[in-house]
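Here is a short report for someone meeting this structure for the first time. It moves from single residues to the whole protein and then to the spaces inside.

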Amino acid sequence: MPSPYAPELTSSRFGITDPEFPFLYTRGKGADPNGILPDTRTMMPTPLIEREITRRVSLTTAHGTLNPDALGWSRTPLHDTSGIPGRRHWGRNKRWEYWNVMSPSHIIAFTVSCVDYLALHEIWVLDRATGEDVGSTVISAGGRSATLPSSLGEGPARARTRRLTLEIDDAVDGMRLRGSAPRLSFDLFAARPVGHESLGVVVPWRRSEHTARFQYTVKDVGRPTTGTVTVDDIAHEVPTGSWAVLDHGRGRWPYRVHWNWAAGSGIVDGRVVGLQLGSKWTDGSGATENALVVDGHLSKISEELVWDYDSENFLRPWRVHGETADLTFSPFYDKRSRTNAVVIASRTDQLFGVWTGWALDDTGTRVRVDGIEGFAEEVLNRW
């Protein structure tokens with residue numbers, strides 16, 4: 001029988017339409033863009049869960065469900081995610097490690113991921129001077145090509161296919177990042193300065209009386225990075241002044257999802273400043289993934305910020321703002337990705353550019369972010 005939450009192909013609330021992938025926008029009456037039904041008892045968003053986690057905690061219970069004690073955020077990785085994937089929930093488990101490195105001459109991005117029924121790996125490099133990009137994406141059935149640690153910091157991550165290889169190895173003071181694909185390779189070290197903090201957040205999606213879908217994410221910005229990237233047999237230095245961002249994810253996701261993510265790193269007035277922002281996928285969940293990092297110290301931004309941007313022209317300036325931040329992002333490059341592989345489909349616009357403006361730290365002081373580089377993205381997935 002037809003679903004009462006049948007797709008509508010326009011959305012005034014989220015400002016998105018796309019005849020390319022109409023199935024990505026299943027926003028029927030009472031539904032949100034992530035396909036999660038509203039709380040039928042209250043029809044109101046969940047209050048923010050801004051509880052800081054300070055001790056080791058399991059993300060899941062012995063039965064594989066979300067552990068209520070895991071709800072909250074942390075400034076160091078404290079969540080045991082070994083309960084993901086879990087056989088009882090096959091098909092909804094998502095695990096990945098995504099790294100992005102911005103140097104003065106190149107942008108390097110790569111992913112190792114497994115979503116139960118397939119593995120997806122990617123390497124992408126942009127020459128900032130010429131605008132030429134090169135990369136490879138491999139989608140393979142099952143997860144045998146991916147090796148992922150049960151929890152962050154508890155082992156290497158690997159992708160091994162005929163077309164590309166990726167190796168992520170933890171060290172005492174950082175991470176070694178290596179990869180190769182046709183025409184390119186890289187060997188990088190993303191340092192972890194003493195006392196450096198990162199944002200860990202558990203995001204629950206409530207469906208009626210229970211929470212079957214949830215995500216644990218670690219967003220780690222402002223990681224100083226050095227090394228080399230080689231394109232067409234020409235080696236390029238990734239010098240001091242280059243920065244890495246990590247997105248570590250473990251969770252169980254809805255089939256359709258819509259998100260914004262943004263990050264930035266750099267030096268402002270002699271201090272290392274990192275910016276982490278997220279939206280849409282967390283809206284109404286009771287959690288946010290917004291934070292400011294200054295010289296390694298993380299200040300949690302406990303507000304659902306407003307994102308203003310032109311989805312018809314992503315290269316126009318973006319504005320992210322609220323009572324705790326007023327930020328402008330000026331893009332210079334749009335990495336557009338479109339995938340339609342029957343079971344999965346996605347639309348991604350990842351914009352690279354420069355941030356200006358301010359955000360409040362945990363003392364209530366305005367911290368300028370003028371000149372730090374990074375990205376902002378809009379992603380819609382069916383996966």
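A residue counts as buried when its relative accessible area is under 20%, as exposed when that area is over 50%, and as partly exposed in between. Lys-280 has a relative accessibility of 10%, so it is buried. Keep in mind that this is a predicted model.

Most residues other than glycine have a negative phi, and most peptide bonds are trans.

Lys-280 is not a glycine, yet its phi is positive, at about 70 degrees. Lys-280 sits in the loop between strand 17 and strand 18.

Arg-183 also has a positive phi, near 80 degrees, and is likewise not a glycine. Its place is the loop between strand 11 (174-181) and strand 12 (184-191). Is Arg-183 buried or partly exposed? Its relative accessibility is 42%, so Arg-183 counts as partly exposed.

From Ile-84 to Pro-85 the bond is cis, and omega is near 20 degrees. Pro-85 belongs to the loop between strand 3 (79-80) and strand 4 (93-102).

## The protein as a whole

The protein has 383 residues, and 55% of them are buried. Its secondary structure consists of 25 strands and zero helices.

How confident is the prediction, and what is the average pLDDT? The average is 86, and 85% of the residues score at least 70. Residues 1-44 have a pLDDT below 50, and this stretch has 82 contacts in the model beyond near neighbours in sequence.

Start with Glu-289. It lies in the loop between strand 17 (271-279) and strand 18 (290-294). Lys-280 is found in the loop between those strands too. With a relative accessible area of 1%, Glu-289 is buried, because buried means under 20%. Which side chain does Glu-289 meet in a polar contact of 2.6 Å? The partner is the side chain of Lys-219. Leaving out residues up to four places away in sequence, Glu-289 touches a list of residues that includes Leu-199, Val-201, Thr-217, Trp-261 and Trp-281. Lys-219 is on that list as well.

Gln-350 comes next. It is part of strand 23 (residues 344-360). Its relative accessible area is 4%, so Gln-350 is buried. Its side chain makes a polar contact of 3.1 Å with the side chain of Tyr-98. Beyond neighbours within four places in sequence, Gln-350 is in contact with several residues, among them Tyr-98, Asn-100, Tyr-333, Phe-375 and Glu-377.

His-236 stands in strand 15 (residues 234-252). Its relative accessible area is 23%, so His-236 is partly exposed. A polar atom of the His-236 side chain lies 3.5 Å from the backbone oxygen of Ile-234. His-236 touches His-106, Gly-227, Thr-228, Val-229 and Val-231, with residues up to four places away in sequence left out. What separates His-236 from Ser-105, in sequence and in space? They are 131 residues apart in sequence and 8.1 Å apart in space, C-alpha to C-alpha.

The table sets out the accessibility of the residues discussed above.

| Residue | Relative accessible area | Class |
|---|---|---|
| Glu-289 | 1% | buried |
| Gln-350 | 4% | buried |
| Lys-280 | 10% | buried |
| His-236 | 23% | partly exposed |
| Arg-183 | 42% | partly exposed |

## Pocket and cavities

The largest pocket holds about 920 Å³ of space. Its lining is made up of 39 residues. Which of them lie nearest the centre? They are Thr-111, Leu-120, Glu-122, Thr-348 and Asn-381. By class, the lining has 18 nonpolar, 12 polar and nine charged residues.

The whole structure also contains three cavities of 30 Å³ or more. The largest cavity has a volume of about 60 Å³. Its lining includes Glu-97, Pro-149, Leu-152, Ile-168 and Met-175. Six of the residues that line the largest cavity are nonpolar, two are polar and one is charged.

Conventions. Residues numbered from 1 in each chain as written. Heavy atoms only, no water. 1 Å grid on protein atoms, 1.4 Å probe; cavity = no way out; pocket = protein on both sides within 12 Å on 5 of 7 lines; lining within 4 Å. Points joined across faces, edges and corners; volume = space filled by probe spheres on them. Nonpolar A, V, L, I, M, F, W, Y, C, P; charged D, E, K, R; others polar. Helix = DSSP H or I, 4+ residues; strand = E, 2+ residues; numbered from the N terminus. Buried < 20%, exposed > 50% of the residue type's maximum accessible area, 1.4 Å probe, protein only. Contact = heavy atoms within 4.5 Å. Polar contact = N/O pair within 3.5 Å; in protein donor to acceptor, adjacent residues only side chain to side chain. pLDDT = per-residue confidence, 0-100.
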